Amino acid sequence: MNTFNVLKLNDDFNQIIKEGKKKTNSHFIVYFLPSVFFNKIEYSVGISVGKKLGNACFRNYQKRRIRMIIHNNLELVKNNKQMVIIMRPKAKNATFKQLNEKLVELLREIK
């Protein structure tokens with residue numbers, strides 16, 4: 001099974017957001033930083049869905065959807081970058097197909 005490394009530490013999230021570059025669209029914000037600056041060789045992905053979007057069940061559901069999009073497009077993520085993907089409020093009512101199109105669009109821009 002193709003898996004990806006997950007960012008879990010708050011310090012890692014903050015470092016990528018502070019020092020990295022940013023790409024945005026109407027549904028997502030993606031911060032990314034080359035692994036060279038992060039002292040890691042491999043790529044990692046962190047996913048964030050804010051409390052303003054909904055309760056814990058809804059946020060976990062959205063994170064599962066984003067993880068599935070990443071699994072389906074792993075070749076776009078495997079480019080030795082550390083990424084933080086943040087979901088915007090407009091994506092709250094979006095279908096899986098719409099989320100997939102918007103996130104893949106951003107990942108292609110980054111690659």
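Visitor: Which residues of the largest nonpolar core touch the most other members?

Guide: This is a predicted model, in which local features need pLDDT of at least 70 and side-chain atom pairs count only at pLDDT 80 or more, while totals for chains, interfaces and linings use all residues. Residues are numbered from 1 along each chain as its sequence is written, and side-chain values use heavy atoms, with hydrogens and water left out. As a general idea, nonpolar side chains in soluble globular proteins tend to be buried together. A nonpolar core here is a set of buried Ala, Val, Leu, Ile, Met, Phe, Trp, Tyr and Cys residues joined through side-chain atoms within 4.5 Å; buried means under 20% relative accessible area, exposed over 50%, and partly exposed in between (1.4 Å probe, protein chains only). The largest core has 26 residues, and Phe28, Ile66, Ile70, Ile85, Met87 and Leu103 touch the most other members.

Visitor: Which elements supply at least two residues of this core?

Guide: They are strand 2 (28–34), strand 3 (44–49), helix 3 (56–72), helix 4 (74–77), strand 4 and helix 5 (96–110). Helices (H or I, at least four residues) and strands (E, at least two) are DSSP runs, numbered from the N terminus. Helix 5 gives the most to the core, with six residues. Apart from this core lies another, of seven residues, among them Phe13, Ile29, Tyr31 and Leu33.

Visitor: Is Met87 buried or exposed?

Guide: Met87 is buried, because its relative accessible area is 4%. Met87 belongs to strand 4, which covers residues 81–87. Contact means heavy atoms within 4.5 Å. Not counting residues up to four places away in sequence, Met87 touches His27, Phe28, Ser48, Val49, Leu53, Gln62, Ile66 and Leu99. The chain also brings Met87 and Ser26 together from 61 residues apart, with their C-alpha atoms separated by 9.4 Å.

Visitor: In what order do the strands of the sheet stand?

Guide: Two strands pair if DSSP finds at least two bridges between them. The four strands form an open sheet in the order 1-2-4-3, with mixed pairing. Strand 1 and strand 3 are at the edges and have a single partner strand each, so one side of each is without a neighbour in the sheet. Strand 1 and strand 2 run antiparallel, joined by four bridges; there, Thr24 stands opposite Ile29. Strand 2 and strand 4 are also antiparallel, over seven bridges, and Phe28 has Met87 as its bridge partner. Strand 3 and strand 4, in contrast, pair in the parallel sense over six bridges, with Val49 opposite Met87.

Visitor: How many residues of strand 4 and of strand 3 are buried?

Guide: Six of the seven residues of strand 4 are buried. In strand 3 five of the six residues are buried, so this strand is largely enclosed by the rest of the structure.

Visitor: Which residues of helix 5 are buried, and on which side do they lie?

Guide: An α-helix has 3.6 residues a turn, so residues three or four places apart point the same way. In helix 5, the buried residues are Leu99, Leu103, Val104, Leu106, Leu107 and Ile110. They cover an arc of only 160° around the axis, which puts them on the same side of helix 5; the arc is that of the directions from the helix axis to the C-beta atoms. The face turned away from that side carries the exposed residues Lys97 and Arg108. The buried residues of helix 5 pack against strand 1 (21–24), strand 2, helix 3, helix 4 and strand 4.

Visitor: Where do the buried residues of helix 3 fall, seen down its axis?

Guide: Arg59, Gln62, Arg65, Ile66, Ile69 and Ile70 are buried in helix 3. These buried residues fall within an arc of 140°, so they line one face of the helix. Their cover includes strand 2, strand 3, helix 4, strand 4 and helix 5.
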